[in-house]
Amino acid sequence: NLTLNTPDKHSPVFTFFGSQDACPPLGLESLRVDDSQIQASSYQRMGLGPHRGRLNIQSGIEDGDMYDGAWCAMHRDQHQWLEVDALHLTRFTGVILQGRNSIWSWDWVTTYKVQLSNDSVTWSSCMNGTQEAIFEGNQNPEIPVLGRLPVPTVARFIRINPQSWYPNGTVCLRAEVLGCRVDDPANRLDSEGDTVSPDSLDSLDFRHHNYTEMRKLMRSVAEECPDITHIYTIGKSYLGLKLYVMVISDNPTKHELGEPEFRYVAGMHGNEVLGRELVLNLMQYLCKEYKKGNRRVVRLVTETRIHLLPSMNPDGYESAYEKGSELAGWAEGRYTVEGIDLNHNFPDLNNIMWQAQEKAGDATKVANHYIPMPEYYTEEDATVAPETRAVINWMQEIPFVLSANLHGGELVVTYPYDCTRDWAPQEDTPTADNAFFRWLATVYASTNLVMSNPNRRHCHYEDFQRHHNIINGGAWHTVPGSMNDFSYLHHNCFEVTVELSCDKFPHASELPIEWENNKESLLVYMEQVHRGIKGVIRDKVTKKGIPDAIVKVEDHSHDIRSAADGDYWRLLNPGEYKVVVWAEGYFPSMRRCQVGVEPRPMICDFTLTQTPIERLKEIRASGGKVPQDLQLRLRLRGQPAG
């Protein structure tokens, strides 16, 4: 129960007597708190204004005018403050502080006071007994520090009043405020005018799951839907945690001829946790909706083999999870225990291909797919994380067609190439399938409820809305050795990266709305695996599937190969295509294949005829008799038949 003091001119603050439990964040970091709700006593310039005083906000490489990395007061004195209007009566329980994000300046607050008000005119200081409470601030720019209020206090406005700061710096800070909404019994409109976003209507387990809880949840889904699920591991992390994958399909334990393989990978950076929870939500959702007979889900499950890897870097996640949502900071748990960034840890096949093309002088004479891994990468002492090796082996075992890699810290979808030519820091570097990659990125971004909102505030300093919330990876920043580029150049798989939210580690209370923001995007993106053409490449005589047959599409200088059973999938935008298929020991075959606008593949099967020499080799090996037609063809070619 709440006990409220009666406010008067001598008592401007409602005080709460009761639970010491911390409330969730008010939303400075997640942007639920609008810029208009944040004010300050002064600021050096617009780029260091109060709207920049948000926990974990990132500045550009240069200390720019508009988008710097903190609120910084104009004056270095104890009369400066950052004020937040919660809009409603709120039970404040704590403040989290961080210094300025900058590679050029060191600025942070070492101690501060907290003041509260109901009208932003009369203020009362947070007390510690009979004295004003002094809170410990930061010792460096990045590590967040929590200051709990000695007594949780109900008010509408809160001020952070710096008292001391880094001696060689100035008054700069980034902040989050912890507070629970409280209905004001004296204001009927306060309750009736609630504009808080509703929770998801889906009955899912909305909370953060550590390694143990993740395993329990996956097991519970498998028990609920045993006919369409299968759990397996692809390897272990550096600390020995298993990399679990759940398959969801009507025949989950094996590849079915003609059925495409899809994957979602989350948690490559262990502290970017929203993807992990969305993948776990997706497991539950597909199971429940399949049982309900949801036609869309039933079609997905019966026509696709879906692989879900919720945590590629479980060691990093556990490190971030221990700190918690707001205290993990921007980088805690990003890397593996060995300090490896998994997003730069795959073989750089881009430069191998480009250098070979330059030497050859003719790009058509250089392989544009299934580029082998370089020797240095396969050596025992190569700096390759066990998590990376596990994922590479996984890719080599399963003929994936489409994938997405779920990250956090921004709101944008990036597509290959991630690596630029000649090591340019930023440069648009398109693949041969640039149009289809842009389609894939647009499908996710345009259906994401936050990305597609034209009025949303950009996360940090880059305005991706001017790019329609999609961007070529190299045009954003070069990433040699990315999983996206490796998937495309070493295998048949098309892959994009989805930056899911401004906040890398959203509070558990925000997970239901994040699921709603992304649910349609996750479903519609999976459906794109059925675009383009697919078929089976068979031997004309034996009718057996031909593996490793090369599928060439005219005007698309990126080939793909058939899988072990001879089936293949080629993602393409609508249109008519000239497709040529060839395999070693066979004559090539050509067809024209028409791709429609609906997400249903055009079936383009191919039957290949063996060359006479190859057929003769097989007959000899089996001890059979050489047919007369083959003898004649061999004589015409000047080849002996006996």
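At 44% relative accessibility, D548 counts as partly exposed, the class between buried (under 20% relative accessible area) and exposed (over 50%), with a 1.4 Å probe and protein chains only. D548 sits in the loop between β20 (533-539) and β21, where strands (E, at least two residues) and helices (H or I, at least four) are DSSP runs numbered from the N terminus. Its phi is near 60°, a positive value in a residue other than glycine. This is a predicted model, so local features need pLDDT of at least 70 and side-chain atom pairs count only at pLDDT 80 or more, while totals for chains, interfaces and linings use all residues. Residues are numbered from 1 along each chain as its sequence is written, and side-chain values use heavy atoms, with hydrogens and water left out.

N56 also has a positive phi, near 65°, and is likewise not a glycine. This one lies in the loop between β2 (38-40) and β3 (71-72), and N56 counts as buried because its relative accessibility is 3%. Most residues other than glycine have a negative phi, and most peptide bonds are trans. Y417 belongs to the loop between β17 (412-415) and α9 (434-447).

On to the helices. The axes of α3 (residues 274-292) and α12 (residues 511-527) come within 10 Å and cross at roughly 70°; axes here are lines fitted to C-alpha atoms, for helices over the stretch in contact, and angles run from 0 to 180 degrees between N-to-C directions. That makes α3 roughly perpendicular to α12, a label for angles of 65 to 115 degrees. On the α3 side, L274, E277, L278, N281, L282, Y285 and L286 meet a set in α12 that includes W515, K519 and M526, contact meaning heavy atoms within 4.5 Å.

As for the sheets, four strands form an open one in the order β22-β21-β24-β25, with antiparallel pairing; two strands pair if DSSP finds at least two bridges between them. Its edge strands, β22 (556-561) and β25 (589-595), each pair on one side only. The twist averages 30° from one strand to the next. Strand β21 (residues 550-553) and β22 share three bridges in the antiparallel sense, and V551 stands opposite I560 in β22.

Elsewhere, β10 (residues 145-165) pairs with β4 (residues 82-98) in the antiparallel sense over eleven bridges, with V95 opposite G147 in β10. β5 (residues 109-117) and β10 are antiparallel too, over eight bridges, and Y112 stands opposite P162 in β10.

How values were computed. Parallel < 35°, antiparallel > 145°, perpendicular 65-115°, else oblique.
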